Amino acid sequence: MSLIAEKFSQISPSQTLAITAAAKKMQAEGQDIASFGAGEPDFDTPQHIKDAAIEALQAGRTKYTAATGIPELRQAIAEKLLLENNLEYSPSQISVNCGAKHSCYNAILACCDPGDEVVIPAPYWTSYPEMVRLVGAEPFFVETKRENQWKLTAEEFEEAISGRTRMLILNSPNNPTGSVYTKAELEAITEVAASEDVIILSDEIYEKLVYNGRKHVSIASVSEEAKNLTITINGLSKVYSMTGWRLGYTAAPPEIAEVIDTIQSHTTSNPTTFAQYGALAALQGDQSFVNDMVEEYDMRRQYMMSRLQKIRNIEVVEPEGAFYFLVDTTKMGLGSMNLTEKLLSRYRVAAVPGLAFGHDMSVRLSYATSLDVIKKGLDRFEEFCLSH
Ligand SMILES: *Cc1c(COP(=O)(O)O)cnc(C)c1O
């Protein structure tokens, strides 16, 4: 007898874990590892946000709240979406969740039945396919092209649609590629979604981390039709450097918002109460931290771009958002697991294998780390590439 539910036979633990664990172990043994593995900001949470959470704790805000968040926070999110994203939602359409990862899972659970297909452009964020499988639905991958900056085109989307297609998962700015969709590209995708009745899950967690004068566009804002089909997901983790606080949110059509509220009330209940007060301070307080952080990332990004584009044997697309480079290693002819193992054991550089993102001939390099580490790491990475 198996002690494990049948649906877990299809679900794999994170493939990136082995490399990260090995890198950590080597570091703990005193080895000098240059790590490009980070999936979170290397900045501390701003003090005024911490203070607000501490004050909330001191004031006894330590009990349950409404399942999908305190009214003030939902109101503040609605105001933010209107002001910054040109999206009009009532607070009842907003739900605050335990991280944007939780928001994604709630949304997929709310909308997808077993047997439904979910279109996922690859390379993708590693958790999407497994979330889809967890609810019994099936991921349908579309391989995007480097020549298209790894972005899904409306034509590719249309070709991927079958009678069972229920949802498209879009992530812009993108992890792992750093790509940012333009308004025109989003409009074309929306037209296909609307004509085929496909729900769009739009993960916008990196919205403020954009460079080269790029502007983030929320796909729900391109038309009323788009808004009626879209679940907009965002959170505090990446933009306010609050990954450990576990706060994300969902803005959705009323019937979806209602179901998310029901799911959450029976599973997690509210996100941590005093953390919600911190989130309120993040959204309503001084935003200068964000600009400073983006400037720092941009400086690192430009440095990395200038170096990576000179290395033969690899190909890079200039990332315009988030804090990652997806380096195409096709020319080296090594699978990403093999490549990252060699890179770590012989060159003491940690990177995430592209296999985790559904694109084996690549590695992801994060620049959420200091310029010193980046310089040292790139010296070694360059040596590695030249020897292959
Ligand atoms: C980090 C990340 C998330 C999850 O954010 P949390 O709020 O920490 O759960 C969601 N989507 C993408 C693409 C991410 O990179």
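Tutor: Ala, Val, Leu, Ile, Met, Phe, Trp, Tyr, Cys and Pro count as nonpolar, Asp, Glu, Lys and Arg as charged, and the others, Gly among them, as polar. On that basis, the lining of the largest pocket divides into 20 nonpolar, 15 polar and eight charged residues. The model is predicted, so local features need pLDDT of at least 70 and side-chain atom pairs count only at pLDDT 80 or more, whereas totals for chains, interfaces and linings use all residues. Residues are numbered from 1 along each chain as its sequence is written, and side-chain values use heavy atoms, with hydrogens and water left out.

Student: What makes a set of grid points a pocket, and what makes it a cavity?

Tutor: On a 1 Å grid over the protein atoms alone, a cavity is a set of points where a 1.4 Å probe fits but cannot get out, while a pocket is an open set with protein on both sides within 12 Å along at least five of seven lines; lining residues have an atom within 4 Å of a point. The largest pocket is lined by 43 residues, with Gly37, Ala38, Gly39, Glu40 and Arg364 nearest its centre. Its volume is about 1100 Å³, a volume being the space filled by probe spheres set on points that are joined across faces, edges and corners.

Student: Why does the largest pocket lie between domain 1 and domain 2?

Tutor: Domain 1 (6-44 + 288-386) and domain 2 (64-284) both give residues to its lining, so the pocket lies between them; the bounds come from an automatic or database domain assignment. Among the elements that give two or more residues are helix H1 (17-28), helix H4 (100-111) and strand E12 (352-353), where helices (H or I, at least four residues) and strands (E, at least two) are DSSP runs numbered from the N terminus. H1 supplies the largest share of this lining, six residues.

Student: How many cavities of 30 Å³ or more does a search of the whole structure find?

Tutor: The search finds three. The largest cavity holds about 80 Å³ of space, and among its 14 lining residues Pro121, Pro123, Ile169, Asn171 and Asn174 lie nearest the centre. Strand E3 (117-122) and strand E5 (165-171) each give two or more residues to that lining, which divides into ten nonpolar, four polar and no charged. The second largest cavity, by contrast, has three charged residues in its lining and about 60 Å³ of space.

Student: Why is the pair of tyrosine 347 and phenylalanine 384 called edge-to-face?

Tutor: Rings of Phe, Tyr and Trp (its six-membered ring) pair if their centres lie within 6.5 Å, and planes under 30 degrees apart count as stacked, over 60 as edge-to-face and the rest as tilted. By this rule there are twelve aromatic pairs. Phenylalanine 323 and tyrosine 324, at 4.8 Å centre to centre and 55° between the planes, form a tilted one, whereas tyrosine 347 and phenylalanine 384, at 5.3 Å and 80°, are edge-to-face. The latter pair joins helix H12 (residues 336-347) to helix H13 (residues 371-386), so it ties together parts that are 37 residues apart in sequence.

Student: How do you know that tyrosine 347 is buried?

Tutor: Buried means under 20% relative accessible area, exposed over 50%, partly exposed in between (1.4 Å probe, protein chains only). Tyrosine 347 has 17% and is therefore buried, and phenylalanine 384, at 0%, is buried by the cut-off too.

Student: What makes lysine 227 sit over the ring of tyrosine 89?

Tutor: A charge sits over a ring if NZ of Lys or CZ of Arg is within 6 Å of the ring centre and within 35 degrees of the ring normal. The charged end of lysine 227 is 4.8 Å from the centre of the tyrosine 89 ring, and lysine 151 lies over the face of tyrosine 181 at 5.9 Å.
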